[in-house]
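Biologist: Hi, could you walk me through this structure? I'd like to ask a few quick things as we go.

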Amino acid sequence: MAIPLTGRDTSSLDQSNPEQFTKDSILRDYRIAFESREASLIGEKQVFTGKAKFGIFGAGKEVAQVALARAFRRGDIRSGYYRDQTLLFALGLLTLEEFFAQLYATPDITLEPSSAGRSMTGHFSSTLLGPDGRLLDLTQRISTSSDVSPTGSQMPRLVGLAYASKLFREIPDLHGLTGLSRNGDEVAFGTIGNASCAEGMFWEAVNAAGVLGIPMLLSIWDDHYGISVPNEVQITKGDLSAVLSGFRRTPDSRQGYDLYTVQGWDYPGLCETYLNAAEIVRKEHVPAIVHVTEMTQPQGHSTSGSHRRYKSAERLAWEEEHDGLRKMRDWIVTQGICSAEELDKLEKSAAAYAREAQQSAWEAYSAPIEAERRTVLALTAEVAAASRRGAEVEKIGQELQKIQAPLRRDLMASISSTLIATAGEEIPAARRLIAWRGEQDRINQERYSTDVYSDTPRSALKVPVVPAVYAPDAPEKNGFEVINACFDAALRHHPDLIALGEDVGKIGDVNQGFAGLQAKYGPLRVTDTGIRETTIMGQAIGMAMRGLRPVAEIQYLDYILYALQILSDDLATVRWRTKSQQAAPVIVRTRGHRLEGIWHSGSLMAGIIHLVRGMYVCVPRNLTQASGMYNTLLQSDDPAIVVEVLNGYRLKEKLPANIGEMTVPLGVPDVLREGSHVTVVTYGACCRIALEAAERLAQVGIDTEILDVQTLLPFDRPGRILESLKKTNRVLFLDEDVPGGASAFMLRELLEVQGGFAWLDAAPRTLTGKEHRPAYGSDGDYWSKPNRETVFEAVYEMMHEADPRRFPLFFR
Ligand SMILES: Cc1ncc(C[n+]2csc(CCOP(=O)(O)OP(=O)(O)O)c2C)c(N)n1
């Protein structure tokens, strides 16, 4: 029998679920909420007793989350944050054992499916990819994208997850992708804390979703604080509903939000709100925000410190009185749904269940480590028996034995102590200890360091190489026309390719790479966005997670800084932090290096490559090479950044006959000029400068070999720079980054990774931009960046050092 909630029988809201608001379903909600609370309390104790390192729990948010779970349907997806354990329990995406497994950092994907122990507690995720790396049928499951810690960073991705539904509904060519969407009926559910709404990207995302008109339902869990800082210090007027009200849609506005405010302890009100809101979002593709107020945080922010430091006695008393569980319990009893005694029994059994889950998760986590400790202890005892320093080694074993809840690192430290104590002795058991440790290193490498990049059959590194083919009368085209032809072919071959960015649509980007393609493929395939780099990237991340192939543009390389945080924290880590349960093969397109002035000439390559490991970084020298890289990436499941050469769009290039098929392998340098005296290693716009300098060097008898690395990540996989160095024994790294930037990265690759040190006859050199930003104007550029003359002189000086008589210094 359906139970009326707030005077109205809401069961009619969801005919597909006859169980809605029966006694059983309400008690199930209560039980999940109660178990979740118990899990929080037990979890806290695990930290305080030293079994877990850190705890951040969802206590106080339970009731809203069981209500929210009722609005989810298969195909829906979440982007949220660390308070959402109850939602995950209610959706069946997380068990209590898995919750505790993550608390203990259990490095086993079968026990801790969110991240295999790579993410801290409360960072949830579900499996989106099959073992072959391809997306599962997302329409058959509720999913969650993988959480990150930086406050607000779930928002850009949320925009993309919701935007995908709009594309699936509105682009006819996507209707056949039935495993990805059911006519775009999926809602992307977001959650965020009240204080995180003070972040810029929150407002950027809210604005973007309002403009786009997408099925996004965002819940704000408002417990009045962000750690210790109250709403009055976070938000204008201290009231999110008030400041968000300008986003509310009106009868005469096409854009805007439905806004709801509901109290976090009001179970029936929450259920009604969520079912109503989600239905409208799903049907009409109008975004909605549910501001859940009067929430509590009975455990304080985290295990790092007590909330008594910043909450008054009145506030603490108020929180106790407005505890959602307590209020829900009262409501159940006063509605006559069941008796207090029945609830007592339910609570007792729920508490016991939570305890059992904790114990079983602890056992599963600790048993293998205990077994490993036994192995180490046995080997250590053998070493002690055979060693001249047996007593010392025995003591090391005893210390290891004493540790209450040992970690694997304790075992490693103990082994190291034993080996140091017995240095110089030849003990067979010590050799076995070394072998055992080596095997553990291999196992732990697999546990913690795999899946940075794709290793599926679609890895970008496995895409077959298709060289460019030129007709005898191949036309000379402007660079922008070459890339335009590439994108035209790509849009034709890949119906799931979506190009987006500032000015990408109507004018086909500021350099016309997409000129005419919006008219040809439609405004959703080639699309303009607002000026909002962070959410352009987030839009792409969400779309890619749901199976689309975004080419998302940052108009100029310098502005990638606005998006670098989300690229670094979210996109670059998706695959690694989920151990390949999720991926987002976004292609970031941008243009940079040389043009005019501080913010249109940057080449901040080291900043980028050090922050986006997990993405590939392509630095093509011209638009033909760029086309080949796009063609490679579009066949792969890796995310990447392609930095086109800004001053290359109006230079002539021969158009390959197979511009739509040619591929450029990643991580394979091109030898642009062969030579025997000095190797110059460079990329991007510097390639042309190096070639010009080489012409001049040839006039004075210096034979320069020039290598274009083509991609910084991955870097020179076949070791071509080393091969060149073996011939020339001299190397100059040339780029436009700051001194010690990407040039130092390349140098380290050659010296340390490739072992180039032994082949050097002269000190290796770097020639880079200055440490300041490039000054304006052509003269400013000349004295800010390497140029033909400085390259000439740097190479000449190297030859002068080698043979001063043959190469006298004539220019200084
Ligand atoms: C970018 C960033 N800044 C600071 C932090 C540290 N931090 C973690 S949670 C938090 C408070 C968040 O409060 P709120 O959004 O209200 O969520 P709640 O934890 O109260 O649910 C802060 C400052 C962070 N994780 N990320």
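Biologist: Where is the place of Ala105?

Modeller: Ala105 sits in the loop between α4 (96-103) and β2. Helices (H or I, at least four residues) and strands (E, at least two) are DSSP runs numbered from the N terminus. Ala105 has a positive phi of about 60°, although it is not a glycine.

Biologist: What should I know about the model itself?

Modeller: This is a predicted model, where local features need pLDDT of at least 70 and side-chain atom pairs count only at pLDDT 80 or more, while totals for chains, interfaces and linings use all residues. Residues are numbered from 1 along each chain as its sequence is written, and side-chain values use heavy atoms, with hydrogens and water left out.

Biologist: Okay, the sheet. What is the order of the six strands?

Modeller: The order is β2-β1-β3-β4-β8-β7, in an open sheet with parallel pairing. Two strands pair if DSSP finds at least two bridges between them. β2 (143-144) and β7 (258-263) are at the edges with a single partner strand each, so one side of each has no neighbour in the sheet.

Biologist: And over how many bridges do β1 and β2 pair?

Modeller: Strand β1 (residues 77-79) pairs with β2 over two bridges, in the parallel sense. Ile77 has Ser143 in β2 as its bridge partner.

Biologist: Switching to the ligand: which residues come nearest?

Modeller: Tyr81, Tyr82, Arg83, Ala195 and Ser196 come nearest, out of 17 residues around the ligand. A residue is near if one of its heavy atoms lies within 4 Å.

Biologist: Which polar backbone atoms is a ligand oxygen 2.9 Å or 3.0 Å from?

Modeller: An oxygen atom of the ligand is 2.9 Å from one of Ala195, and an oxygen atom is 3.0 Å from one of Tyr225. A polar contact here is a pair of N or O atoms within 3.5 Å.

Biologist: Nice. Now α12, where does the kink lie?

Modeller: The kink of about 30° lies at Ser366, shortly before the proline Pro368. The bend is the angle between axes fitted to the seven residues ending there and the seven starting there.

Biologist: Last one: which peptide bond is cis?

Modeller: The one from Leu713 to Pro714, with omega near 0°. Pro714 lies in the loop between β20 (711-713) and α24 (720-728).

Conventions: A polar contact is a pair of N or O atoms within 3.5 Å; within protein, one must be able to donate a hydrogen and the other to accept it, and residues adjacent in sequence count only if both atoms are side-chain atoms.
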